[in-house]
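Here is a short report on one protein model. Look at the sequence and the fold first, then read on.

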Amino acid sequence: MKILVIEDNESVASMIEMFFAKENIAGVFVTDGLEGYQRAMQEEWDCLIIDWMLPNMDGVTICRKIRQENKSVPIIMLTAKDSESDQVLGLEMGADDYVTKPFSPLALMARIKAVTRRYHPIKDQKTETDIIETTHFKINKNTREVFLDGTPITNLTPKEFDLLLHFVQYPRQVFSREQLLEKVWGYQFYGDDRTVDVHIKRLRNKIDNENQSFFQTVWGVGYKFEEGSKAQT
């Protein structure tokens, strides 16, 4: 992954640089806003991390100008401003996410993985593999639409969709909570792995019915997805 960081705070940049080295990310660091904008436009990047307050060109202007040029690249705004109006402004100018200082490098890494993953379907050429069909499900990976027996499921959160998509692609395969956190959340998770249990419970509430249970608990191991399993009573 190749990421451009436009940040004039030396301590913040150094912290990000050390974490990038740990994650094997190729980071390029620029302290000047105008130079950062020029490099963002001239080269291809997997993600841009842009500070709000910068010399010669502020981060919001950089973001706005990049979007005006229709450059499709994930952008994370990095700033000490934490008011709701500031967040809205950054997002309206085209930022994909917003991280407020001070922040944890783990939290920043999670945001990076999340925004870059959302952009991949936009870049990739559409193929037949974009549509996954099973006995009960039809899932469009590009439009993130889910149909269960022909009926659209419209109330899934982004992470619930990601989790369902993963299971549908690997039917009957058992995954531990740690594996799911790594494969679905997309980064090394250092928190409570019960977050998987919560998401599985929510998916069961939204998808299972009195006759069908798609997510099976494998005691002592984790979970698996299996169509044709009767609902547990």
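A search of the whole structure finds 0 disulfides. A disulfide is a covalent bond between the sulfur atoms of two cysteines. Here it is counted as a pair of cysteine sulfur atoms within 2.5 Å.

This is a predicted model: local features need pLDDT of at least 70, side-chain atom pairs count only at pLDDT 80 or more, and totals for chains, interfaces and linings use all residues. Residues are numbered from 1 along each chain as its sequence is written, and side-chain values use heavy atoms, with hydrogens and water left out.

**Buried residues**

Buried means under 20% relative accessible area, exposed over 50%, and partly exposed in between (1.4 Å probe, protein chains only).

| Residue | Relative accessibility | Class |
|---|---|---|
| Cysteine 47 | 0% | buried |
| Cysteine 63 | 0% | buried |
| Isoleucine 6 | 0% | buried |

**The open sheet**

Helices (H or I, at least four residues) and strands (E, at least two) are DSSP runs, numbered from the N terminus. Two strands pair if DSSP finds at least two bridges between them.

An open sheet is formed by 5 strands, in the order S2-S1-S3-S4-S5, with parallel pairing. Its edge strands are S2 (26-30) and S5 (97-100), and each pairs on one side only. On average, neighbouring strands are turned by 20 degrees against each other, direction ignored. S1 and S2 pair in the parallel sense over 5 bridges. In this pairing, isoleucine 3 stands opposite glycine 27 in S2.

Helices pack here too. Helix H2 (residues 33-42) lies across S1, S2 and strand S3 (47-51) and runs at about 160 degrees to S1. Helix H3 (residues 59-68) packs on the sheet and touches S1, S3 and strand S4 (75-79), its direction making about 170 degrees with that of S4. Axes are lines fitted to C-alpha atoms, for helices over the stretch in contact, and angles run from 0 to 180 degrees between N-to-C directions.

**A look at isoleucine 6**

Where does isoleucine 6 sit? Its place is in strand S1 (residues 2-6). Contact means heavy atoms within 4.5 Å. Leaving aside neighbours within four places in sequence, isoleucine 6 is in contact with residues including Val30, Tyr37, Ile49, Leu54 and Ile62. Its C-alpha atom is separated by 9.8 Å from that of arginine 39, 33 residues apart along the chain.

**A hairpin**

Strands S11 (residues 215-218) and S12 (residues 222-225) pair in the antiparallel sense over 4 bridges. Threonine 217 has tyrosine 223 in S12 as its bridge partner. The two strands, S11 and S12, form a hairpin with 3 residues between them. In the turn, glycine 220 has a positive phi of about 85 degrees.
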